[in-house]
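Student: I would like to go through this structure step by step. Can we begin with the ligand and then move on to the rings and the backbone?

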Amino acid sequence: MSFDINNLLRENIKKLVPYSSARDEFKGEARVFLDANENSLGSPLTKWYNRYPDPLQWKIKEKLSAIKGIPPQHIFLGNGSDECIDILYRAFCNPGKDNVIICPPTYGMYEVSAHINDIEIRRAPLLDDFQLNLAHLETLVDAHTKIIWLCSPNNPTGNALHREDIETVLNNFDGLVVIDEAYINFSRHRSFIPDLQDYPNLVVMQTLSKAWGLAGLRLGMAFASEAIIEVYNKVKPPYNIGQATQDLVLKALDEVGQVNDMIKLLVQERTGLETALKKLPVVEKVYQSDANFLLVKTIDARGIYQHLLDKGIVVRDRSKVELCEGCLRITVGTEKENRDLIENIQSFGRK
Ligand SMILES: *Cc1c(COP(=O)(O)O)cnc(C)c1O
């Protein structure tokens with residue numbers, strides 16, 4: 001394998017002179033700030049919201065660095081994972097020319113973002129056990145393949161991909177390998193963050209939207225080599241993470257203990273929900289999950305979905321998705337919500 005980021009980047013990005021903000025140009029201590037055309041009088045909110053935020057969010061990165069065990073220069077923060085995904089397309093993939101590979105069924109944004117950027121999508125569907133089809137994947141790669149998207153634990157199937165399979169991809173592909181670890185905190189499997197040392201072509205994505213319970217704040221993370229993070233920082237909008245989000249995230253990151261308690265509880269509830277679902281006659285199979293949701297094969301996905309909706313309970317109908325025929329994707333709720341769900345699936349069975 002010979003990974004060279006310069007062979008991968010778009011020419012316009014290689015040549016790009018990034019926007020230099022007032023906050024970039026002056027970083028020292030000062031008494032009076034007249035460099036950024038902010039409102040010098042203040043704001044209707046707490047005072048400092050009249051100021052532009054730190055473009056590179058160093059305080060958050062310092063805290064994340066301690067939590068994740070990786071230096072701050074290896075971290076990029078995006079407005080949700082969506083931004084972490086989109087920037088990779090814009091930086092590395094030439095519209096109408098390059099392609100990327102996805103392994104469906106998987107998260108929809110890899111494909112939507114490709115379409116927005118006019119990038120060809122190639123598909124190597126997962127095998128029946130929802131693991132990678134390496135033989136097929138290999139046949140799809142050509143000189144224009146820039147990214148292979150892997151999601152582990154995968155959405156909507158819930159399982160983690162085999163570590164050795166991911167390593168095979170990392171070792172044999174010269175482009176970027178992105179591992180989306182949105183659900184890693186609910187998994188028995190290790191993150192690939194420590195493996196960044198060994199793989200210059202690896203990007204690991206995580207998010208505060210799931211285990212951290214902060215979907216409303218929009219904070220996605222990408223972990224990668226300094227060279228890849230530099231590209232991210234060059235292409236991103238200068239102030240992509242607002243001050244309000246930065247303030248709240250900084251506070252939340254002090255509560256690792258509380259988050260770990262929630263993770264433990266949710267994993268416990270997942271086991272309980274799995275057991276209860278397996279007893280229901282309308283349920284054919286509950287797939288093993290490393291995430292905070294269960295993929296559930298039923299005798300009538302559409303019918304159960306509609307029945308639950310009539311009772312005010314919304315789940316995700318995935319029955320039209322390849323390899324997910326008859327399946328609902330159900331997020332693990334509170335103990336009470338899970339009981340409510342089970343009772344209402346039972347009442348469907350009795351109709
Ligand atoms: C939920 C989810 C995300 C999170 O996206 P955000 O934009 O960070 O909220 C990312 N990847 C996968 C696979 C997900 O299911």
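Student: How many nonpolar, polar and charged residues does the shell around the ligand have?

Tutor: The model is a predicted one. Sorted by class, the shell has five nonpolar, five polar and four charged residues.

Student: Which residues come nearest to the ligand?

Tutor: There are 14 residues around the ligand. The ones that come nearest are Asp180, Thr207, Ser209, Lys210 and Arg218.

Student: What is the distance from a polar side-chain atom of Ser209 to an oxygen atom of the ligand?

Tutor: A polar contact needs a pair of N or O atoms within 3.5 Å. Asp82 has a side-chain N or O atom 3.4 Å from a ligand oxygen atom. For Ser81, a polar side-chain atom lies 2.7 Å from an oxygen atom of the ligand. For Ser209, the distance from a polar side-chain atom to a ligand oxygen atom is 2.7 Å.

Student: What percentage of the ligand's accessible area does the protein cover?

Tutor: On its own, the ligand has 390 Å² of accessible area. The share that the protein covers is 93%.

Student: How many aromatic pairs are there, by the rule for ring centres?

Tutor: Rings of Phe, Tyr and Trp pair if their centres lie within 6.5 Å. By this rule, the number of aromatic pairs is nine.

Student: Is the pair of Tyr52 and Tyr239 stacked or edge-to-face?

Tutor: The two ring centres are 4.6 Å apart, and the angle between the planes is 25°. Planes under 30 degrees apart count as stacked, and over 60 as edge-to-face. The pair of Tyr52 and Tyr239 is therefore stacked.

Student: Why does the pair of Tyr52 and Tyr239 tie together parts that are apart in sequence, and how many residues apart are they?

Tutor: Tyr52 lies in the loop between helix H3 (22-25) and helix H4 (58-68). Tyr239 lies in the loop between helix H9 (226-235) and helix H10 (243-252). Because the two residues sit in these two loops, the parts that the pair ties together are apart in sequence by 187 residues.

Student: Are Tyr52 and Tyr239 buried or partly exposed?

Tutor: Buried means under 20% relative accessible area, and exposed means over 50%. Tyr52 has a relative accessible area of 39%, so Tyr52 is partly exposed. Tyr239 has 25% relative accessibility, so Tyr239 also counts as partly exposed.

Student: How is the pair of Tyr89 and Trp149 classed?

Tutor: The centres of Tyr89 and Trp149 are 5.5 Å apart, with 35° between the planes. Tyr89 is in helix H5 and Trp149 in strand S4 (residues 145-151), 60 residues apart. Both Tyr89 and Trp149 are buried. The class of the pair is tilted.

Student: Which residues do ring pairs link into a cluster with Tyr89?

Tutor: Ring pairs link four residues here, Tyr89 being one of them.

Student: Which ring does the charged end of Arg329 sit over?

Tutor: The charged end of Lys61 sits over the ring of Trp58, 4.9 Å from the ring centre. For Arg329, the charged end is 5.7 Å from the centre of a ring, and that ring belongs to Phe293.

Student: Which backbone oxygens does the side chain of Asn201 reach?

Tutor: Asn201 lies in the loop between strand S5 (176-180) and strand S6 (202-207). With 0% relative accessibility, Asn201 counts as buried. The side chain of Asn201 reaches one backbone oxygen at 3.2 Å, that of Leu170. At 3.4 Å the side chain of Asn201 reaches another, that of Gly175.

Student: Where is the cis peptide bond with omega of about 15°?

Tutor: The peptide bond from Pro104 to Pro105 is cis, but its omega is near 0°. The cis bond with omega of about 15° joins Asn155 and Pro156.

Student: Is Gln57, with its positive phi, buried or exposed?

Tutor: Gln57 is not a glycine, yet its phi is positive, about 50°. Its place is in the loop between H3 and H4. At 1% relative accessibility, Gln57 counts as buried.

Notes:
Residues numbered from 1 in each chain as written. Predicted model: local features only at pLDDT ≥ 70, side-chain atom pairs only at ≥ 80, totals over all residues. Heavy atoms only, no water. Near = heavy atom within 4 Å. Polar contact = N/O pair within 3.5 Å; in protein donor to acceptor, adjacent residues only side chain to side chain. Areas by Shrake-Rupley, 256 points an atom, 1.4 Å probe, with all protein chains shown as cover. Nonpolar A, V, L, I, M, F, W, Y, C, P; charged D, E, K, R; others polar. Phe/Tyr/Trp six-rings, centres within 6.5 Å; stacked < 30°, edge-to-face > 60°. Helix = DSSP H or I, 4+ residues; strand = E, 2+ residues; numbered from the N terminus. Buried < 20%, exposed > 50% of the residue type's maximum accessible area, 1.4 Å probe, protein only. Lys NZ or Arg CZ within 6 Å of the ring centre and 35° of its normal.
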